[in-house]
Amino acid sequence: PAEARRTPVAASSPDTWTMPTPDHRPTAFAFRRQRLDGSAPDALAAVAAPIAVYAANPSGPLSILARAPGTTAAEVLALEEAGVVVRGRAMRTSAFVVPAAIAPTVTAATAQPLERFAWMLRAAGVTPEGFEAARAAVVGAASEPRTARDLRAAAGLDGVDVSRLVSYLALRGDLDVLGATSVTSNASRYV
C-alpha cells in the first residue's frame, strides 16, 4: 500500500513525507536549471531560467526573488517598463511574464483556438455583430496604458463588461497587457 512507501521526514513533522526516487540527479538538475538555488544573477535571468514566471502578484515577484535574491521591486517593475519581458497567456492560459525574445515561441507553443473563448464575448455583453465596433472603440482608447475601468469610460462602452472584452482582445493580439505599477497589485493595464 501507499502508506508503506512513505517515510516521515522527522518525528516532529508527521505530515511531511519523503517520496522515494531511484535517482535524485534529475530533480537536482531541474532545481539548478530553474535557478531555484538562488543563483540567477538578476531579475531577467530569474524569469528566463524557467521559461516564464506566473504573472500574478505577489507570487510572480516572489518567484523572481527566490531565484535572484537581492532583487528589488523596482528591478522587477523595470523589466516590463523596459520591454525586456511581456505579459501573456501561456500554460493553461494563465497569465505569465515571459522574456520578450522568446514570447512568440511560447505563445505559439501554448496557443488555444479563439473559439474556446467565445464565452468571453457573451459574458461581456458583446454580440458578434457588435464586436468590431467594440473592438475599435477599445483599441482606439488604448493609445496609452489604461486599466479596464479606464478603458470602459474612454471607449464609451456602457453596458459592456470591458474587463472580459480586454481579456479576449489580448488573447487575439489586439492589445498588449502591462502589469500594475506595483508588485502588490494585480490591476493590469492595456495598450
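## Arg-189, a buried arginine

Arg-189 counts as buried because its relative accessible area is 15%, where buried means under 20%, exposed over 50% and partly exposed in between (1.4 Å probe, protein chains only). Arg-189 sits in strand β7, residues 189-190. Helices and strands here are DSSP runs numbered from the N terminus, with helices (H or I) of at least four residues and strands (E) of at least two. This is a predicted model, in which local features need pLDDT of at least 70 and side-chain atom pairs count only at pLDDT 80 or more, while totals for chains, interfaces and linings use all residues. Residues are numbered from 1 along each chain as its sequence is written, and side-chain values use heavy atoms, with hydrogens and water left out.

What surrounds this arginine? A polar atom of the Arg-189 side chain lies 2.8 Å from the backbone oxygen of Gly-179. Setting aside neighbours within four places in sequence, Arg-189 is in contact (heavy atoms within 4.5 Å) with Glu-81, Pro-145, Arg-146, Thr-147, Asp-176, Val-177, Leu-178, Gly-179, Ala-180 and Thr-181.

## The whole protein

The protein has 191 residues, of which 32% count as buried, and its secondary structure comes to 10 helices and seven strands. Among contacts with a separation of 6 or more, 53% are between residues 24 or more positions apart.

The accessible surface is about 11200 Å², and carbon and sulfur atoms account for 58% of that surface. These areas come from the Shrake-Rupley method with a 1.4 Å probe, and for residues only the protein chains shown count as cover.

## Strand β5 and its partners

Strand β5 (residues 95-99) is largely enclosed by the rest of the structure, because four of its five residues are buried. Strands are taken to pair if DSSP finds at least two bridges between them. On that basis, β3 (residues 53-54) runs antiparallel to β5, joined to β5 by two bridges, and Val-53 stands opposite Val-97.

Strand β4 (residues 85-89) also pairs with β5 in the antiparallel sense, here over five bridges; Val-86 faces Val-98 across this pairing. β4 and β5 make a hairpin with five residues between them, and in the turn Arg-92 has a positive phi of about 60°.

## Two helices with a buried face

Helix α5 (residues 73-81) has Val-76, Leu-79 and Glu-80 as its buried residues. Viewed down the axis of α5, these fall within an arc of 95°, so they line one face of the helix; the arc is that of the directions from the helix axis to the C-beta atoms. Ala-74 and Glu-81 are exposed on the other side of α5. The buried residues of α5 pack against α3 (43-48), α4, β4 and β6 (177-178). Just after α5, Gly-83 takes a positive phi of about 80°.

Helix α6 (residues 103-110) buries Ala-103, Val-106 and Thr-110. Down the axis of α6, the buried residues lie within an arc of 65°, so they too line one face of the helix. Pro-104, Thr-105, Ala-108 and Ala-109 are exposed on the face of α6 turned away from the buried side. The cover over the buried residues of α6 includes β4 and β5.

## Nonpolar cores

A nonpolar core is a set of buried Ala, Val, Leu, Ile, Met, Phe, Trp, Tyr and Cys residues joined through side-chain atoms within 4.5 Å. The largest one has 23 residues, and Val-126, Val-138, Leu-151, Leu-165 and Val-166 touch the most other members. Helices α7 (118-124), α8 (131-141), α9 (148-155) and α10 (162-172) each supply at least two residues of this core, with the largest share, five residues, coming from α10.

Leu-165 touches Leu-121, Ala-124, Val-126, Phe-131, Ala-134, Val-138, Leu-157 and Val-160, not counting residues up to four places away in sequence. A second, separate core holds 14 residues, including Ala-40, Ala-43, Ala-45 and Val-47.

## Leu-65 in helix α4

Leu-65 belongs to helix α4, residues 59-67, and counts as partly exposed because its relative accessibility is 38%. Beyond residues up to four places away in sequence, Leu-65 touches Gly-70 and Thr-71. Its C-alpha atom is separated by 8.1 Å from that of Gly-38, 27 residues apart along the chain.

Notes. Polar contact = N/O pair within 3.5 Å; in protein donor to acceptor, adjacent residues only side chain to side chain.
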